[in-house]
Amino acid sequence: MFRQLMNLLALPTPERPPPQDLRVAVSMLLIEAACRDDVFGPEERAVIAQLLTEKFSLSKEECANLLKSAEAASANVVQIHPYTRAVFEQMTPDERVNLIEMLWEVVYADGVLDPEEDALIRRLGALIYVTDRDRVLARQRVLARLRTRSEGS
């Protein structure tokens, strides 16, 4: 019996899955936010492309390929935890707050905040350890930028 216990303890521990590509993780979360209201419109797609291009210094072709990969991942996603884990492990706290701002930019791209979009951002904020205060402040910064843009138009 003691030998069986020792054999169990000697079994190799299962390896942790490889880390998720941060660019795909961020892209997939942005797409999830855009699709939360069941409409992934051209405004949201354009905002996501702009945000990804700026965040990761991508060319148009690289951004298109990244979006394609993220859309495929989003279509097959069962859990968002691998993506939020990648964000938590690979981004600083300030970068995670910036991601929340990016999410707000996406959900406001069509001019309407759906309750499902709001709930998703609240959930994602908790999963990537962004406080409610920082999430609300991020939303206020995005709304202020949007007001400034609309006044400048």
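How many residues does helix H2 have, and how far does H2 reach from its first C-alpha to its last? I looked this up first, in what is a predicted model.

**Helix H2**

I find that H2 runs over residues 22-35, which makes 14 residues. From first C-alpha to last, H2 reaches 20 Å, close to the 20 Å expected at 1.5 Å a residue.

I then checked the start of the helix. Asp 21 caps the N-terminal end of H2, with a side-chain oxygen 2.8 Å from the backbone nitrogen of Arg 23.

Next I asked how many residues of H2 are buried. I count 12 of the 14 as buried, so H2 is largely enclosed by the rest of the structure. The buried residues include Leu 22, Val 24, Met 28, Leu 29 and Ile 31. Ser 27 and Glu 32 are also among them. I note the packing partners of these buried residues as helix H3 (42-56), helix H4 (60-76), helix H5 (81-90), helix H6 (93-107) and helix H7 (115-127).

**Ser 27**

I looked at Ser 27 separately; this residue is found in H2. What does the side chain of Ser 27 reach? I find the backbone oxygen of Arg 23 at 2.7 Å. Leaving out residues up to four places away in sequence, I list Leu 52, Leu 66 and Ala 70 as the residues that Ser 27 touches.

**Helix H3**

I repeated the span check on H3. Its 15 residues should span 21 Å at 1.5 Å a residue, and the end C-alpha atoms are 21 Å apart, which agrees.

Which residues of H3 are buried? I have Glu 44, Val 47, Ile 48, Leu 51, Leu 52 and Phe 56. Seen down the axis of H3, these buried residues fall within an arc of 130°, so they line one face of the helix. On the other side of H3, I find Pro 42 and Glu 54 exposed. The buried residues of H3 pack against H2, H4, H6 and H7. After H3 comes Ser 57, for which I note a positive phi, near 50°.

**Salt bridges**

I record nine salt bridges in the structure and went through some of them.

Arg 45 and Glu 71 meet through their side chains at 2.9 Å, N to O. This pair links distant parts of the chain, with Arg 45 in H3 and Glu 71 in H4, 26 residues apart. Both ends are partly exposed: I have a relative accessible area of 33% for Arg 45 and of 27% for Glu 71.

Glu 101 forms a salt bridge with Arg 141, and the closest N and O atoms are 2.6 Å apart. Glu 101 is in H6 and Arg 141 in helix H8 (residues 132-152), so I note a link between distant parts of the chain, 40 residues apart. Is Glu 101 buried or exposed? At 11% relative accessibility I count Glu 101 as buried, because the cut-off is under 20%. Arg 141 is partly exposed, at 34%.

Arg 149 and Glu 105 form another salt bridge, with 3.4 Å between the closest N and O atoms. Arg 149 lies in H8 and Glu 105 in H6, so this pair ties together parts that are 44 residues apart in sequence. I have Glu 105 as buried, at 8%, and Arg 149 as partly exposed, at 46%.

Last, I looked at how these residues connect. Glu 101, Glu 105, Arg 141, Arg 145 and Arg 149 are linked in a network of salt bridges.

Terms used
Residues numbered from 1 in each chain as written. Predicted model: local features only at pLDDT ≥ 70, side-chain atom pairs only at ≥ 80, totals over all residues. Heavy atoms only, no water. Helix = DSSP H or I, 4+ residues; strand = E, 2+ residues; numbered from the N terminus. Expected span 1.5 Å × (residues − 1). Buried < 20%, exposed > 50% of the residue type's maximum accessible area, 1.4 Å probe, protein only. Contact = heavy atoms within 4.5 Å. Polar contact = N/O pair within 3.5 Å; in protein donor to acceptor, adjacent residues only side chain to side chain. Arc of directions from axis to C-beta. Salt bridge = Lys/Arg side-chain N within 4 Å of Asp/Glu carboxyl O.
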